[in-house]
Amino acid sequence: MRLHYAPGSAHSAAVRIMLAEKGLEAELHKLDLVRYEQHSPDYLAISPHGLVPMLEDGGRRLFESFHILEYLDERDPDPPLAGQDPRQRYAVRKWGKYVETHIAPHLAIARWAALQGKVPESAVAGLARLLPPRRDLWLRAENGFDREQLAFSTEALLTAGRRLAADLAGNEWLCGGSFTLGDVAVYPHAAQFATLGLSLPQPVGDWLARVAARPSVRGIAGDLFPVAVMGPEPGRWG
Amino acid sequence: MLEVYTWEPNANSGKPLFCLHEKGVPFVYHYIDMGAHEHHGPEFLAINPDGTVPAIVHDGFTMTESTPAMEYIDEAFDGPALRPDDPYRRWQMRVVLRFMDNVVAPSLAMIASNRLAAPRFAGQDPAELRAKLERIPLPERRAAWEKLMFQATPPQEIAESQRLVADAIGRFDGRLANDEWLAGDSFSLADIGVFATLYALPLSMDEEVNDEATPHLTRWLRACHARPGMRAALAMGKGFVTQRAAEVRERLGVAEA
C-alpha cells in the first residue's frame, strides 16, 4: 500500500491513525500543502481533484477518507473498528457522513478566515488546473468569504459541537462504548476547533483528551496543525 | 416493529422503501406529505427534530440519514444481501452513494424543484411563506427553501447543477459499460441509491438519456425498472411518482416485464 497524504490535512491524519490502530504499514508519499504540491501536474495526474489522502492498494486508487477507513477495516478486520452491532455501525456511518458534509467544509472556511489565507502567486497556475467545482471553491476563498458565509460556517461548527456532546453523553467514545472509525474520522477535525477560537462543550473536550492519549494518535500528533486550505465543497442545495 | 416515515418513493425519501422491498422486509409506511409541509410540522418534528425525510424507527431506534440507514437495513434483516462481499467493491458502492448524496442528488433537486415547485410559490403571500420558513429547523435547508419560495436561486448555480448532472450521466454510463451493476456483478445499495433519484431520466432528460446516447445507463435503467422490488416500491407513491414510473416503463418497453 502507498498513502499519499499531507501534514495539516485532517482527512490524511484519520487514515494514518487508522493504519496505526490496525498495525498496518504503508509506504508514505508526503505532500506539502503550504507549497500547494497537491495541485502539481504530477499529483493531479493520479488524483484529478487534487485531494489528499489517496491510498493505492494493489494498483487500485482509493479516495474519500471515511470510505478508505471502512475499506481498511474490511480488508484487515482485526481489530474490528466499524462498530459491534448494526446500531453502533449506523452511528459510525452517520458521523462519517456528518464530518464530511457539516464539519469539514465549514472548518475549511473558518480556518481560511482565522489564518488569513492567501493563495501565493506561485500557486495561482495550479488553481487553473483544477476541475470546475474545486476551482470555484478556491476562487471564492481567494476573493475572501463574506461575513454571512463566515457566520453560517461558525454556527454550523458550534452546532456540530453540540451534536458531538449529545452523542457523547454517557459514552466513553463517540459511537458508544467502544473506540471506532467514528472517533478516528471526527477527531482530527474536532481537534482543530480550539486553535480557531471555537469552544466545545466539556464532554467533547474530555473525549478529545481520551482520543489524543491513544498511541496511534500520539504518533501523528505533529500532523495535527491547521493550514489554510479548502476542504470538501459545502452542501450544494441545503 | 419497523416504521418508515417518508414521502414518495423518490430520491432520499425513497431509499428505505426500495431497500425494504428488495429485501422483502415488512414495514409500516407513514406517508409524510411534503407538499403540505408535514415534514416541518410538530408531529414529524417529534420523530426527527431536523425535519428531513426519511425517518426510520426500528424497535425504538431512530435513523434519519438515509444512506447509513440502508446499510443498517441490509445488516439487521434477513433477505438477499445488498452489498458486495469484496472490500474494494464495497468501497466502490459507498463512493457512488457519496457522489449521489453530495453532488448528483442535490443538483437534480435544485433543477427539479426550481422547475416544479418554485412556480407554485410565486403568487403566495410572502408573510405566510416566511412563517413556513420559520418552522424549518436546519439552517441549510431553510436557505434552500427560501431560494425556492422567492425564486432566488442564481441562474449560474442552476447551470452548474445541469453541468454536474450531465457529467454524472456520462460517468455512470462509463461505469456500466464495464460492469452489469454500479458496484460490480451484483445488484447493490449503489444501484438503489442512484435509481431512487434517476429512475425518470428517460422521460425528464430524454435527449440525454436513451439507447443511442447512453446505451449502458439505459440498459441498467431498464433492468432496474424490471425488478419486482423496485416496482413494488414505486407503486407505493400517492401521486406523480407512481404515475411517472409507469410512463418511464412504457417508454423503456418493460411495462409487462
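Visitor: What makes a residue of chain B buried, and what share of the 257 residues is buried?
Guide: Buried means under 20% relative accessible area, with a 1.4 Å probe and protein chains only. In chain B, 55% of the 257 residues fall in that class. This is a predicted model: local features need pLDDT of at least 70, side-chain atom pairs count only at pLDDT 80 or more, and totals for chains, interfaces and linings use all residues. Residues are numbered from 1 along each chain as its sequence is written, chains are lettered from A, and side-chain values use heavy atoms, without hydrogens and water.

Visitor: Why does the radius of gyration of chain B agree with a compact globule?
Guide: The rule is 2.2 Å times the number of residues to the power 0.38, over C-alpha atoms. For 257 residues that gives a value near 18 Å; chain B has 18 Å, so the two agree. The C-alpha trace spans about 55 × 45 × 35 Å along its principal axes.

Visitor: What makes a nonpolar core, and which residues touch the most other members of the largest?
Guide: A core is a set of buried Ala, Val, Leu, Ile, Met, Phe, Trp, Tyr and Cys residues joined through side-chain atoms within 4.5 Å. The largest has 61 residues; F172(B), I192(B), F195(B) and W220(B) touch the most other members. Helix α4 (residues 87-116) of chain B gives the largest share, eight residues. Another core, of 53 residues, lies apart from it and includes A26(A) and L164(A).

Visitor: Which residues count as contacts of I192(B), leaving aside neighbours within four places in sequence?
Guide: Contact means heavy atoms within 4.5 Å. Among those that qualify are K15(B), F18(B), M70(B) and M230(B).

Definitions and conventions: Buried means under 20% relative accessible area, exposed over 50%, partly exposed in between (1.4 Å probe, protein chains only). Helices (H or I, at least four residues) and strands (E, at least two) are DSSP runs, numbered from the N terminus.
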